[in-house]
Amino acid sequence: PHYREVIVLRNLQGLPFEEVAQEMGRSTGSVRMLWMRAIDRFRSLLAGSGLVAEGLSARQTSSDGADVT
């Protein structure tokens, strides 16, 4: 899917979910879900390399501390 785009817009550019949704032409809810899946996928790739602890969720790493689930 569009994992790279949502990570760039949300985490690198620091856009709120509402602006990411507008930019991507999706609903805010679908962007939140896509972002959580992208973070989980990224984390699993890093865990496989031993660079990050397993068992952390997207909620625990939200950059703005918001409840994303």
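What share of the 69 residues of the protein counts as buried? The share is 28%, where buried means under 20% relative accessible area, exposed over 50% and partly exposed in between, with a 1.4 Å probe and protein chains only.

This is a predicted model, in which local features need pLDDT of at least 70, side-chain atom pairs count only at pLDDT 80 or more, and totals for chains, interfaces and linings use all residues. Numbering starts from 1 along each chain as its sequence is written, and side-chain values use heavy atoms, with hydrogens and water left out.

View 1. From the N terminus on, the elements run α-α-α. Helices (H or I, at least four residues) and strands (E, at least two) are DSSP runs, numbered from the N terminus. Take contacts between residues at least 6 apart in sequence: 39% of these join residues at least 24 apart. Contact means heavy atoms within 4.5 Å.

**View 2. Helix α1 (residues 3-12) packs with helix α2 (residues 17-24).** Two packed helices are described by the angle between their axes and the distance between the axes. Here the angle is about 140°, and the axes are 9 Å apart. Axes are lines fitted to C-alpha atoms, for helices over the stretch in contact, and angles run from 0 to 180 degrees between N-to-C directions. α1 and α2 are therefore oblique to each other. Angles under 35 degrees count as roughly parallel, over 145 as roughly antiparallel, 65 to 115 as roughly perpendicular and the rest as oblique.

**View 3. Residues of α1 and α2 meet in a contact.** α1 contributes Glu 5, Val 6, Leu 9 and Arg 10. α2 contributes Phe 17, Val 20, Glu 23 and Met 24. By class, five residues are nonpolar, none polar and three charged. Ala, Val, Leu, Ile, Met, Phe, Trp, Tyr, Cys and Pro count as nonpolar, Asp, Glu, Lys and Arg as charged, and the others, Gly among them, as polar.

**View 4. Val 20 sits in helix α2.** Val 20 is buried, with a relative accessible area of 0%. Leaving aside neighbours within four places in sequence, Val 20 is in contact with Val 6, Leu 9, Arg 10, Leu 15 and Val 31. Val 20 and Leu 9 are 11 residues apart in sequence and 6.1 Å apart in space, C-alpha to C-alpha.

**View 5. Helix α3 covers residues 28-49.** Buried residues of α3 include Val 31, Leu 34, Trp 35 and Arg 43. Their cover includes α1 and α2. Gly 50 follows α3, with a positive phi near 80°.

Conventions:
The expected span of a helix is 1.5 Å times one less than its number of residues.
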